[in-house]
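Please find below a note on selected features of the model. The structure itself comes first.

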Amino acid sequence: MPAPFPWRIMYETSISRGVRMESRRPTISSTLTEIARDIATLRSPDLLLTSIVRRARLLLGTDLAYVSLNDAERTETFIRATDGVRTEAYAAIRMPLGTGVLGLAAGGVIAETPDYLPDEGKTHLPAIDRTVQEEGVRAIAGAPLRVAGRVVGALMTANRTPGAFTARQREHLEQIASLAAAAVELVTAKGREAAASEVAAEAVLERDRAIAADALRRELESKLADALAQHRDLDHVVALAASIAGAEVRVTDAAGQDISSSGGPAGIAGSGGPRGSAGAAVEERAPLIGDAAPGAVVVRHAAEPAVPGLVASSVARFASLALLYDRMLDDVRHFHEDELVRALIAPSGQDRAGLSPTTVQRALGADGETCIAVLSPASPDGSGLRRLLSQARALTRDGRTAVAGHLGRVTVVARGSEAELRARLESSVRDVPFFGGIAAARDLRGTPAAHAEAIALAGAMRALARPGVLAGAPQAGVAGLLFGAGESAAAAAFLDAYLGPLLRAPRGEVLLSTALVHLDANGSIARTAEVLDIHPNTVRQRLDRIDEALGSGWRTGPARLDVHVALRLRSLASRTDPAAAVARASSTSPARSGRQVGL
């Protein structure tokens with residue numbers, strides 16, 4: 001028998017390979033059976049949908065397959081699971097219902113195209129077309145997923161080569177879509193079940209948080225109330241609150257300075273651990289209330305608290321009461337001391353009627369030079385005064401000093417020299433900004449005048465913007481010496497002699513302040529203009545007007561010193577800053593762009 005031709009061998013081999021491949025390809029029956037088994041066994045929605053599209057692709061013999069779910073609120077459909085898709089953009093397609101092939105199928109229509117991009121019968125979206133082109137998709141077919149008459153998505157298949165799908169492929173696609181719809185409904189039901197479980201778990205967690213918060217609030221209020229009933233001080237209340245809450249608790253004044261601090265979450269024996277979930281440290285605060293304000297309670301938790309703000313607001317009420325109680329006790333302890341100081345500085349004889357050498361000697365020690373210091377807090381609120389008073393009262397332990405708060409100032413009366421009292425106060429009062437003055441009296445009859453001089457010198461330091469300086473008359477300079485001497489009539493005569501024409505001029509305030517800045521700047525017109533923020537020509541015009549009023553010699557020779565001292569004395573007396581005075585006096589002038597020119 002002759003040998004077969006080579007082409008015949010190749011043909012028979014090709015036919016047999018095709019028969020074997022056809023025999024290995026899944027049938028519609030086996031595919032549907034496997035999908036049904038997956039629906040019954042797979043618990044993960046993602047694995048179930050991925051299994052369906054993979055089996056559909058194998059059965060249909062296409063390049064890719066995917067399933068989409070509908071978003072009814074946005075009237076869109078979005079791809080949920082894919083097989084054979086190469087790009088992330090294609091797998092994340094979301095498009096309106098009724099557009100393209102996917103939108104038509106998800107809208108309830110069996111749709112297909114042999115070549116999508118040039119198909120003018122479909123509604124195209126430019127962004128979707130670019131994504132399809134990048135994926136290389138040409139032919140697309142899709143069938144809707146229906147559940148009880150509702151369209152919930154679409155099952156799609158596609159090829160990267162153009163060409164129509166066979167009737168058999170379309171039939172199989174619809175059959176798989178019918179079963180896939182049940183899978184989608186199961187996925188949706190599981191999603192609703194998972195969401196319901198999450199809501200229930202969150203409700204349980206919220207309930208537990210509310211119970212824990214209520215227990216914490218009750219424990220705080222009960223134990224802090226007991227502490228107040230036992231007349232415990234603020235430090236004890238703060239430490240107790242810190243131990244209950246498992247947090248750091250601080251009470252601060254209006255300036256943010258600590259009045260009391262627990263120093264950390266551990267405080268009193270029996271403290272509990274931190275109450276909250278894991279996370280970064282968080283801080284909460286609540287204002288002090290009533291006469292304890294201004295100020296705040298600051299609570300620093302190691303983790304996010306179950307109920308933010310609960311600890312701070314609860315502690316703030318009790319800390320306010322404890323702070324007021326501490327202040328009341330402090331005032332009671334120093335009552336007689338306050339009465340003594342008020343009597344010593346009182347100018348009238350009636351207020352000093354109960355003052356005797358024996359009383360003074362018992363409080364301040366043996367007779368000798370008496371010094372009086374006045375500290376005026378820099379801050380306008382009461383917290384600075386209280387801190388000054390608290391720190392200054394530390395000097396009373398040696399028995400030679402009396403301290404009192406009077407008219408918004410702290411008055412310190414002590415035996416000894418000015419230098420001794422200044423050194424003691426500067427070492428005691430460190431972190432509270434103040435303006436201070438100090439003066440001495442040879443005997444008790446001179447204490448009211450010394451007190452008045454110390455007040456004047458403290459005012460001079462405020463006018464000169466020199467905080468933290470406890471100034472005597474020499475420290476205030478020549479103007480301070482005149483101002484602090486208490487010779488109001490002499491000072492008024494001195495001012496009138498050297499500044500009278502400007503004091504009586506209609507716009508004398510501006511000229512007086514300009515003159516002071518000019519002399520402070522050593523006669524520099526450029527520096528004067530810079531300080532006053534005006535044009536140099538305006539400075540020259542003002543100086544000419546001052547020359548007309550005072551005479552041209554006020555800027556030179558001996559008259560310069562006298563005028564400068566008079567200007568400085570007037571600044572101290574009026575408690576004003578020269579530049580600020582010019583700004584106020586000029587505020588009624590029309591606004592100009594850039595620097596002001598002209599008076």
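1. The model is predicted: local features require pLDDT of at least 70 and side-chain atom pairs count only at pLDDT 80 or more, while totals for chains, interfaces and linings use all residues. Residues are numbered from 1 along each chain as its sequence is written, and side-chain values use heavy atoms, leaving out hydrogens and water.

2. An open sheet is built from 4 strands in the order β8-β7-β11-β10, with antiparallel pairing. Strands here are DSSP runs (E, at least two residues) and helices likewise (H or I, at least four), numbered from the N terminus; two strands pair if DSSP finds at least two bridges between them. Because β8 (258-261) and β10 (282-287) each have a single partner strand, they stand at the edges, and one side of each lacks a neighbour in the sheet.

3. Within the sheet, β7 (residues 248-253) pairs with β8 in the antiparallel sense over 3 bridges. Val251 stands opposite Ser260 in β8.

4. Helix α17 (residues 508-520) and helix α18 (residues 525-532) have axes that come within 9 Å and cross at roughly 125 degrees. Axes are lines fitted to C-alpha atoms, for helices over the stretch in contact, and angles run from 0 to 180 degrees between N-to-C directions. The two helices, α17 and α18, are therefore oblique to each other (under 35 degrees counts as roughly parallel, over 145 as roughly antiparallel, 65 to 115 as roughly perpendicular, and the rest as oblique).

5. Contact (heavy atoms within 4.5 Å) is made by Thr514, Val517 and His518 of α17 with Ile525, Thr528, Val531 and Leu532 of α18.
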